Amino acid sequence: MKALLFSRKPARYAAAMVAGAIRPGRGAKFGPLSLRDVDLPDRPGDDWVRVRPRLAGICGSDLATIDGHSSRYFEPIVSFPFVPGHEVVGELDDGSRVVVVPVLSCVTRGVTPPCAQCQAGHINLCERIAYGHLEPGLQTGFCESTGGGWSTAMLAHTSQLVPIPDDMSDEAAVLVEPTACAVHAAKQVTAGQVAVIGSGSLGLLTLAALTAHDDLGGSPKSVLVTAKHPDQRRWAKELGATAVCAPDELERNVRASTGSMKLDNGQLTGGIEAVVDCVGSEQSLAQALRIVAPGGTVHLVGMAGQTNVDLTPLWHREAALRGVYAYEREDFDTAVELVQRLDLGRLVSATYPLSRYEDAIEHAANAGSRGAVKVAFDLRDERERNW
Amino acid sequence: MPRPGFVLDVDRSTPPIVFHHGEGFRLEKLPAGRSRVLYPGEPLAPLDDVEAAISHALDHPLGDSEPLRALLRPGMKLTICFDDISLPLPPMRRPDIRQRVIEAVLDRAAAAGVDDVHIIAALALHRRMTEDELRHAVGDRVYDAFAPSGLLYNHDAEDPDNLAFLGTTPHGEEVEINKRAAESDLIVYVNINLVSMDGGHKSTATGLASYRSLRHHHNVQAMLDSKSFMDRHSSELHHSNWRMGKVIRDAGVKIFQIESTLNNDTFGQSGPMSVLQKREWEWNARDRASFVTMKAALDRMPVKARRAIFQAWKAPYGVTSVQAGEVEAVHERTTHNVFAQQLVEVEGQTDVLTMGLPYICPYNVNSIMNPILVACLGLGYFFNMYRGRPLVREGGVVIMSHPTSSEFHPVHHPSYIDFFEQVLADTTDPKEIEQRYEKQYAEDEWYRHLYRTSYAYHGVHPFYMWYWACHGMAHAGKVVVVGGETKAVRRLGFTPASTLQDALEMAEDVVGRDPTVTHIHNPPLVMADVT
């Protein structure tokens with residue numbers, strides 16, 4: 001079968017870091033990612049099935065990996081070589097379509113009894129993330145044992161399968177997984193006034209989940225969103241942002257809308273109750289800490305790496321910094337409904353065959369400036385898939 | 001004998017007309033046979049002896065007022081208030097008329113044994129004046145004698161301990177002014193009446209007021225009912241101020257008003273800028289060379305350098321009159337003198353009104369003309385330079401020429417930035433803006449802090465600028481900005497055009513083919529008396 005394979009090749013990884021730093025997405029050309037003919041991994045157990053991906057999205061965490069930016073924290077919880085791709089809508093051998101819940105929890109690893117977190121339904125917080133009968137891997141798409149969505153076939157545990165309605169397009173379905181992330185994030189936010197940093201696909205979907213408060217059982221929210229590019233601004237408005245501003249206008253907007261005072265270093269003395277950082281960079285985190293209200297919460301939704309951020313305001317303003325990772329199983333049900341109701345399939349801007357993976361990665365890495373939101377691989381016409 | 005202003009009918013021999021364009025100029029050819037240019041009058045002859053005129057005014061007051069000397073006595077509280085940095089435009093060369101008048105008043109106060117004297121810059125919700133600006137207005141001698149001991153200062157409209165509530169008008173308008181002034185035995189108000197909007201009861205009722213008071217006439221409805229605010233008898237802005245003036249008087253506050261008028265000598269009779277005061281078809285070879293050289297040099301300069309040059313310009317105005325005494329009697333005479341310089345009779349309205357907006361307006365002295373001020377200058381001040389009817393017919397098109405850069409002075413105009421980014425991004429409708437956003441900005445602690453301790457205009461000030469333009473917005477069928485930054489122009493709700501010809505073509509979509517065009521050749525200042 002055809003697959004994009006990410007191998008452990010330190011020299012190429014270093015080259016990807018350099019190339020990715022020069023131009024986002026160029027790590028695909030110089031790094032350890034390559035299009036290969038590989039065998040489908042052996043099924044780890046009877047509960048595992050073959051999934052033939054139809055569409056597989058490209059996520060920010062994939063891009064960080066390919067461009068060599070991801071933290072070394074991940075080293076013990078991934079296994080090489082792996083096939084990336086965890087935003088997957090695929091087809092089972094019986095022809096039914098499913099979305100994959102990529103988190104690899106105790107039940108997928110054959111760990112019995114399941115850890116306390118998994119038993120409580122918090123599969124994203126699994127305590128046996130690198131153990132059991134699978135190779136280490138926090139998710140499908142980072143685990144050697146399962147394969148990933150950027151291929152013509154992969155494996156999934158039956159507990160990972162979410163059936164999708166017949167009338168849901170593949171384009172909509174491929175957004176279910178990132179939307180589940182957004183739903184999970186929105187559920188953490190109880191404040192009425194929220195600032196969302198970033199209008200990439202994660203930021204826009206989080207915005208959509210925040211404003212769809214009635215579905216989530218939350219309260220009405222006023223959401224201020226930063227958007228760097230005109231199309232992002234348009235999408236943010238369309239998805240319910242109360243206000244949209246450029247990233248460098250955020251402090252001023254929050255100050256004005258909350259009536260806060262401002263110190264000479266830009267730190268607000270008041271601020272907004274909740275900040276949802278969908279970027280996860282040093283700059284976005286520092287900005288979040290400048291604008292969050294005393295006693296407020298910064299929700300870190302975008303994948304962060306090693307950063308150098310002054311945490312004094314966190315301490316001084318008694319703010320909370322809360323990580324938000326992935327989702328629970330039930331978030332997928334809400335996500336399916338949300339994707340359908342808001343027609344979020346519109347956010348899929350471009351698809352590529354596997355053979356054009358360098359173009360696809362570069363497009364995804366520069367999605368905002370090129371007017372795109374979600375870029376995905378389209379496996380439906382891959383020859384190997386249809387054998 | 002200076003020639004009065006007049007209306008030129010444009011024909012094929014008419015040379016291109018100078019349009020002010022921020023810190024630069026454009027030469028524009030207006031359509032022949034259907035265009036006219038409204039030129040200001042040449043500068044009236046200035047007073048030969050300004051000090052003598054001041055003395056005469058103080059000693060021979062108008063209306064029901066005693067001479068100033070008779071109002072001064074030992075042990076009294078005297079407060080001298082003066083117009084702030086917003087007047088005149090551009091600032092005048094030293095000595096400023098305010099300095100000359102204040103020195104004369106202080107001489108009389110000293111002679112009368114008055115030793116409790118405060119001097120207050122009546123800036124309402126404008127930014128505080130810097131030391132340099134205060135020195136320029138009142139002179140070094142006065143500044144050094146009063147400022148170090150805290151007796152010369154800026155009015156603070158947000159200091160609750162120094163505001164006095166004097167009552168309400170029959171219309172329910174609250175009157176709250178500077179406490180020191182209100183509790184003085186005499187206020188001497190020293191004004192510069194650059195345009196007919198200034199002066200009268202507006203000096204004290206606006207210049208020394210708080211937001212609580214100002215909001216009663218600085219609002220959308222008052223502006224829509226002021227047609228125009230340059231004609232006080234047809235101006236709700238002034239009706240309200242006059243009602244407040246009565247409350248102030250009835251509360252026992254005594255005001256001795258001193259108003260002065262300036263001529264149109266804005267750019268001087270010699271030097272490179274003097275060509276701006278000449279009519280284009282009368283330019284000689286030297287004028288043409290001077291203008292071309294100046295324009296070419298400016299066009300090549302970075303904007304900061306251009307701004308520095310223009311903001312450094314001090315006008316050689318001549319003082320044309322000084323009158324003092326009772327507020328209303330004084331202001332009648334003052335207005336007459338302003339009109340003598342500025343008013344020009346114009347027959348009928350026009351389909352399209354064009355204007356070249358200069359680098360300065362009342363709120364960007366030593367600062368930056370941001371897009372909101374561009375809207376205010378064009379649709380507020382220039383549009384309202386009429387008596388009778390607006391120069392442009394209802395539903396007509398206003399074409400303004402200005403670079404309209406989305407640049408803001410971060411110290412002077414912090415709330416303007418938020419207004420531009422937050423409010424105008426949402427709506428440009430003045431009434432909606434007033435209802436949804438004014439209170440939030442007016443009561444914002446941060447803006448209040450910056451107004452009181454830094455050099456920022458009050459948080460509500462950009463709203464007032466927008467209201468100032470609302471009569472023009474409501475009246476015009478379309479507003480086009482030539483040579484402006486597209487994004488900023490669109491944010492204002494106006495239409496951008498690259499050239500005047502493009503703008504005129506756009507105008508035809510609104511007013512029909514071959515419309516009549518009138519260009520208001522301003523500055524120097526000219527006001528249309530439209531019949």
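Predicted model: local features only at pLDDT ≥ 70, side-chain atom pairs only at ≥ 80, totals over all residues.

1. S11(B) and S12(B) belong to an open sheet of six strands, ordered S7-S6-S5-S10-S11-S12 in chain B, and the pairing is mixed. At the edges sit strand S7 (152-154) and strand S12 (319-325) of chain B, each of which pairs on one side only. Ignoring direction, neighbouring strands of this sheet are turned by 15 degrees against each other on average.

2. Strand S6 (residues 116-122) of chain B pairs with S7(B) in the parallel sense, over three bridges. Within this part of the sheet, Ile119(B) stands opposite Leu152(B) of S7(B).

3. Now for a helix pair. Helix H14 (residues 371-382) and helix H18 (residues 461-468), both of chain B, pack at an angle of about 35 degrees, and their axes are 7 Å apart. The crossing of H14(B) and H18(B) is left-handed.

4. Which residues meet between H14(B) and H18(B)? From H14(B) come Ile372(B), Leu373(B), Ala375(B), Cys376(B), Leu379(B), Gly380(B) and Tyr381(B). Their partners in H18(B) are Pro462(B), Met465(B), Trp466(B) and Trp468(B). Sorted by class, the contact of H14(B) with H18(B) holds 10 nonpolar residues, one polar residue and no charged residues.

Note on methods. Residues numbered from 1 in each chain as written. Chains lettered and ligands numbered in written order. Heavy atoms only, no water. Pairing = 2+ DSSP bridges. Helix = DSSP H or I, 4+ residues; strand = E, 2+ residues; numbered from the N terminus. Axes fitted to C-alpha atoms, helices over the stretch in contact; angles between N-to-C directions. Left-handed = near helix turned anticlockwise from the far one by under 90°. Contact = heavy atoms within 4.5 Å. Nonpolar A, V, L, I, M, F, W, Y, C, P; charged D, E, K, R; others polar.
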